[in-house]
Amino acid sequence: MQSLGLLKLSPPECRVNKWDVPASLSEPTQDTLIQKQEALLPLIERLPVTCCQDDASCLDEVLYGGKNNQLPDKKALLTAIDRSLRYLQTSNAVAAYQRYQLVGITRDRVFNSLKRFRELLLKTNSATELQKAIQREFVFYQSVGKDNKGSVLFTAYYEPLYFASRVPTAEFRYPVYRLPPNLDSWTKPHPTRLELEGADGLQGAKGKLRGLELFWFRDRLEPYLAQIQGSARLQLTDGTQTTIGYAGHIAYNYKSIGRELANDGKLPLEGMTMPIILDYFQKHPQELNIYIPRDPSFVFFQENHGAPAQGSINVPVTAERSIATDKSLMPPGALALIRAAFPFANANGQMEHRIVSRYVLDQDTGGAIKGPGRVDYFLGTGKLAGDRAGVTVSNGQLYYLLLKPNS
């Protein structure tokens, strides 16, 4: 994470490490020593982080009239909250929280916490006022991160916009596919991406994918990137628009083609971003047929007829107010606070990274989002969102906000 500056002159409580898991909570206890063969708890209860004077990154200031009109506002956060509240009243939420293992985090408590936060959001007039109310009424559950000290790796995803066709043509040759109706009866191990669509991405009609084609694309890379993002908005050849969203996948984990390029010495792993990967394949398009097949995973789609991108809890995700986490560890639909360095476009269109805090809803998951040390942040639709998502790689912190038990 970038430095906040002047750390040597700051009092201890204002230093960056105040955001980490407190040492007294991360030190091994007798209980954790007894359970050392088991996974550590993914979340640790702690008091909210207090703001220090002149530390603007501590507050979600954009909720109360940010200067940059491209930043999210209170209405977007309220929309995301209402979507989580609807989810938490479904049978799917009941079942999810019956399986959730962390003591003290229940569906009712998450629901009531969201309702109270919504009330505070509507009645407060500044980020400072909201933060003080949270300190009074809420506790934080901090992710232990990838190092048991709270360090979480943040990436971002978006809804791409692509040209596509409902029928194959000489120009539009590369398909995405519907969910096979008999996928549950496929023998395991499932066929890999290479076995399903061939090295060139054009062999699907010769095997299990025959007749499942949904839309066709011009570029070999586009249907693959749509699978990574889990959704896409399509500008069709007849002038209309539609959307596609995640419908299912085969039983393989995602393998990063960026890491494969690094393993082969084609690109340095340090500092690798999606724009760097895309630039490489623009210069070496023939290598797409080498590296895409190395990812054995494969995602199927459904047409959503213009509906916004949906998360794994079956509610639409909201730009800059929805995150994806490992749902085997984190509470679905819950209110969270994230703090990390994210890119923003300046007046010249260049990306500047700023450390910010944002209240978000945990509404999605992803094939590469595993463990307590990973968060994927949804940045919206289109080119700017894609440009920002492509250069989002930073370490930060993740906290869930829950009402104090006696609130």
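**Chatting about helices and a sheet**

Trainee: Where should I start? How do H3 and H5 cross?
Mentor: This is a predicted model. In it, the axes of helix H3 (residues 74–88) and helix H5 (residues 107–123) come within 10 Å and cross at roughly 155°.

Trainee: So are those two roughly parallel or roughly antiparallel?
Mentor: Angles over 145 degrees count as roughly antiparallel, and H3 and H5 are therefore roughly antiparallel to each other. The crossing of H3 past H5 is left-handed.

Trainee: Which residues of H3 and H5 make the contact?
Mentor: On the H3 side, they include Leu77, Leu78, Ile81 and Leu85. H5 brings residues including Val110, Phe111, Leu114 and Phe117. Charged residues take part too, among them Lys74 and Asp82 of H3 and Arg107 of H5.

Trainee: And by class, how many of each are there in the contact of H3 with H5?
Mentor: There are eleven nonpolar residues, five charged and one polar.

Trainee: Okay, new topic: the sheet. In what order do the six strands come?
Mentor: The order is E5-E6-E4-E7-E8-E9, in an open sheet with mixed pairing. From one strand to the next, the twist averages 45°.

Trainee: Which strands stand at the edges?
Mentor: Strand E5 (174–177) and strand E9 (299–303) do. Each has a single partner strand, so one side of each has no neighbour in the sheet.

Trainee: What about E7 and E8: how many bridges join them?
Mentor: Five bridges join E7 (residues 231–236) to E8 (residues 241–249), and the two strands run antiparallel. As one example, Arg233 has Thr243 in E8 as its bridge partner.

Trainee: Last one! Which strands does helix H8 lie across?
Mentor: Helix H8 (residues 221–229) lies across E4, E5, E6, E7 and E9, and runs at about 125° to E4.

Conventions
Residues are numbered from 1 along each chain as its sequence is written. This is a predicted model: local features need pLDDT of at least 70, side-chain atom pairs count only at pLDDT 80 or more; totals for chains, interfaces and linings use all residues. Side-chain values use heavy atoms; hydrogens and water are left out. Axes are lines fitted to C-alpha atoms, for helices over the stretch in contact, and angles run from 0 to 180 degrees between N-to-C directions. Helices (H or I, at least four residues) and strands (E, at least two) are DSSP runs, numbered from the N terminus. Angles under 35 degrees count as roughly parallel, over 145 as roughly antiparallel, 65 to 115 as roughly perpendicular and the rest as oblique. A crossing is left-handed if the near helix is turned anticlockwise from the far one by less than a right angle, and right-handed if clockwise. Contact means heavy atoms within 4.5 Å. Two strands pair if DSSP finds at least two bridges between them.
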